[in-house]
Amino acid sequence: MPKITDQEETRPQARLPRGFRDIPAGDVRARGAMLATIREVYERHGFSALETPAIEYLDALGKYLPDVDRPMGGVFGFQDEDGDWLALRYDLTAPLARMVAMAGDRLTKPYRRYQVGPVYRNEKPGPGRFCEFFQFDADTVGTPVMAADAELTMMVSATFEALGIPRGDYVVRVNNRKVLSGVLEAIGLGEDGDAAQRGTVLRAIDKLDRLGADGVRLLLGKGRRDESGDFTQGAHLGEAQIGTVLAFVAAGAGTNAETLQKLRDLVGGSAVGAEGVAELEEIAALVDAAGFAEDRILIDPSVVRGLAYYTGPVFEGALTFPVQNERGETVQFGAVAGGGRYDDLVKRFTGQEVPATGISIGVDRLLTALVSRGLVRTDSEDGPVLVLVLDRGEIARAQAMTAELRAAGIRAEMYLGTSGMRAQLKYADRRTAPIAVIEGTDEREKGEITLKDLKLGAELAKSIESHDKWKEHPSQVTVPRGDLVASVRQMLAAQAARQEG
């Protein structure tokens with residue numbers, strides 16, 4: 001048996017933690033372009049940027065976590081040298097509430113901010129579900145008026161359309177947690193001691209799109225076992241209670257006016273339920289006045305949102321076009337954005353009422369949707385113009401040409417390997433370089449350079465079989481060295497024109 005050295009014994013294994021992933025350049029570029037569009041829409045609506053740390057004190061993240069008595073429940077947590085529990089942020093809203101509480105009266109209110117960044121959830125990963133993912137939030141803090149909530153629903157609609165998603169392929173659904181509270185009161189779950197059971201009911205309703213009415217019925221009853229064998233405890237409601245809840249989530253099958261009337265009937269004599277219906281009526285009137293019809297913004301009682309800090313309106317931006325799921329079934333793409341009003345979140349820190357409302361876009365999920373519809377491509381961007389190095393003794397000349405192209409705003413790279421010309425051109429192909437800049441001994445002595453149109457060459461290779469015909473369509477030209485920038489620009493413009501044509 002060969003002897004194992006100490007170095008081999010301590011060599012780490014190259015692996016990723018479950019639920020995490022590496023993201024290739026094409027996806028990063030596509031995401032960046034999508035984020036730029038969202039940012040433009042948010043700023044057009046008067047929101048300003050904010051950044052907060054990825055790590056917060058655990059108690060600042062809030063009581064909505066799955067298990068506040070167990071610090072690692074739902075979050076990635078650890079203790080600092082003083083024994084205090086810290087955690088990676090679960091979302092971008094709780095850090096905002098902490099920042100607002102710290103800023104106090106120094107912050108101009110209403111405060112309107114947007115923020116984009118990764119968040120972390122210590123949950124079971126699965127297809128399309130990761131422990132680290134990006135969110136893009138917008139929040140208005142310091143006003144109780146329903147116009148702030150209505151504005152967010154309209155802004156999500158405008159964002160979808162700015163990204164190329166047409167009307168009919170999306171809908172922004174709106175509900176109100178006060179209406180939900182009224183329904184829970186109507187089935188006998190209105191007392192403080194019923195909080196855990198109420199939470200189970202809300203989480204069950206929130207899974208309607210994914211599990212359907214039958215799955216929700218199981219979660220409202222004794223519980224449900226999923227395909228992996230894991231069992232989720234149910235709310236243990238009686239049949240009459242389950243019937244009332246299912247009637248509530250089905251009340252949205254109609255116009256906004258019809259839905260609101262059904263909700264009034266379902267909440268009965270509940271004061272908080274009636275208040276929620278009135279707030280929904282106000283939102284419906286505001287979006288209608290702004291020209292957002294029900295094909296864009298719809299009152300839908302099935303919208304819950306899972307987090308417990310919501311206190312009023314809740315909303316969800318869903319994509320309605322069909323896709324294939326992991327099992328090959330045709331389903332609607334589903335929710336890619338969600339949010340709502342959380343008037344008590346800042347109060348946890350200060351004891352003072354600070355009303356707030358916000359919306360969050362799931363960046364990774366929305367990007368997947370755009371790619372599936374052909375609205376964004378992850379392989380469409382050309383690489384840099386590549387300056388070849390054929391003589392290591394003249395590398396400074398190649399560096400000068402590279403710098404000249406960059407100064408002119410052209411993306412450029414000098415070959416940094418040690419291989420010959422053939423290998424450098426293969427490298428250019430793998431980098432999807434549009435042009436190769438070549439200066440050999442002959443060109444240098446004549447004060448010239450050769451520009452090889454790599455995109456045209458690839459096109460000709462596919463369409464031209466005859467060598468004679470190939471010579472009729474040269475994919476490279478020789479130009480004076482002083483014309484480097486102008487000639488590269490001309491070749492890039494010709495490539496763009498061919499692509500558009």
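User: Where does His236 sit?
Analyst: In this predicted model, His236 lies in the loop between β9 (231-233) and α9 (239-249).

User: What is the phi of His236?
Analyst: Positive, about 55°, although His236 is not a glycine.

User: Is His236 buried or partly exposed?
Analyst: Partly exposed. The relative accessibility of His236 is 49%.

User: What about Thr432, what is its phi?
Analyst: Phi of Thr432 is near 50°, a positive value in a non-glycine residue. Thr432 is in the loop between α15 (421-430) and β16 (435-438). At 40% relative accessibility, Thr432 counts as partly exposed.

User: Switching to peptide bonds. What kind joins Lys109 and Pro110?
Analyst: A cis peptide bond, with omega about 0°. Pro110 is in the loop between α4 (93-103) and β5 (111-120).

User: Salt bridges next. How many in the whole structure?
Analyst: A search of the whole structure finds 24. One of them pairs Arg296 with Glu161, at 3.2 Å from N to O.

User: Where are Arg296 and Glu161 in the chain?
Analyst: Arg296 is in the loop between α11 (271-289) and β10 (297-299), and Glu161 is in helix α5 (residues 146-162). The pair links distant parts of the chain, 135 residues apart.

User: What does Asp391 pair with?
Analyst: Arg444, in a salt bridge with the closest N and O atoms 3.5 Å apart. Asp391 is in the loop between β14 and α14 (395-407), and Arg444 is in helix α16 (residues 441-446). These two are 53 residues apart, and the pair links distant parts of the chain. Asp391 counts as partly exposed, at 32% relative accessibility.

User: Which residues are linked with Arg341 in a network?
Analyst: Asp149 and Asp343, through a network of salt bridges with Arg341.

User: On to packing. How many residues in the largest nonpolar core?
Analyst: There are 73. Leu319 and Leu366 have the most contacts inside that core. Helix α5 gives the largest share, eight residues.

User: What does Leu319 touch?
Analyst: Leaving out residues up to four places away in sequence, Leu319 touches a set that includes Phe160, Ile165, Tyr170, Phe333, Val336, Leu366 and Ala369. Asp169 is also among the contacts of Leu319, and Asp169 is the salt-bridge partner of Arg373.

User: Last one. Is Glu56 buried or exposed?
Analyst: Buried, with a relative accessible area of 6%. Glu56 is in strand β2 (residues 55-57).

User: What is Glu56 in contact with?
Analyst: Leu61, Leu86, Ala87, Pro95 and Arg98, leaving aside neighbours within four places in sequence.

Technical notes: Residues are numbered from 1 along each chain as its sequence is written. This is a predicted model: local features need pLDDT of at least 70, side-chain atom pairs count only at pLDDT 80 or more; totals for chains, interfaces and linings use all residues. Side-chain values use heavy atoms; hydrogens and water are left out. A salt bridge is a side-chain nitrogen of Lys or Arg within 4 Å of a carboxyl oxygen of Asp or Glu. Helices (H or I, at least four residues) and strands (E, at least two) are DSSP runs, numbered from the N terminus. Buried means under 20% relative accessible area, exposed over 50%, partly exposed in between (1.4 Å probe, protein chains only). A nonpolar core is a set of buried Ala, Val, Leu, Ile, Met, Phe, Trp, Tyr and Cys residues joined through side-chain atoms within 4.5 Å. Contact means heavy atoms within 4.5 Å.
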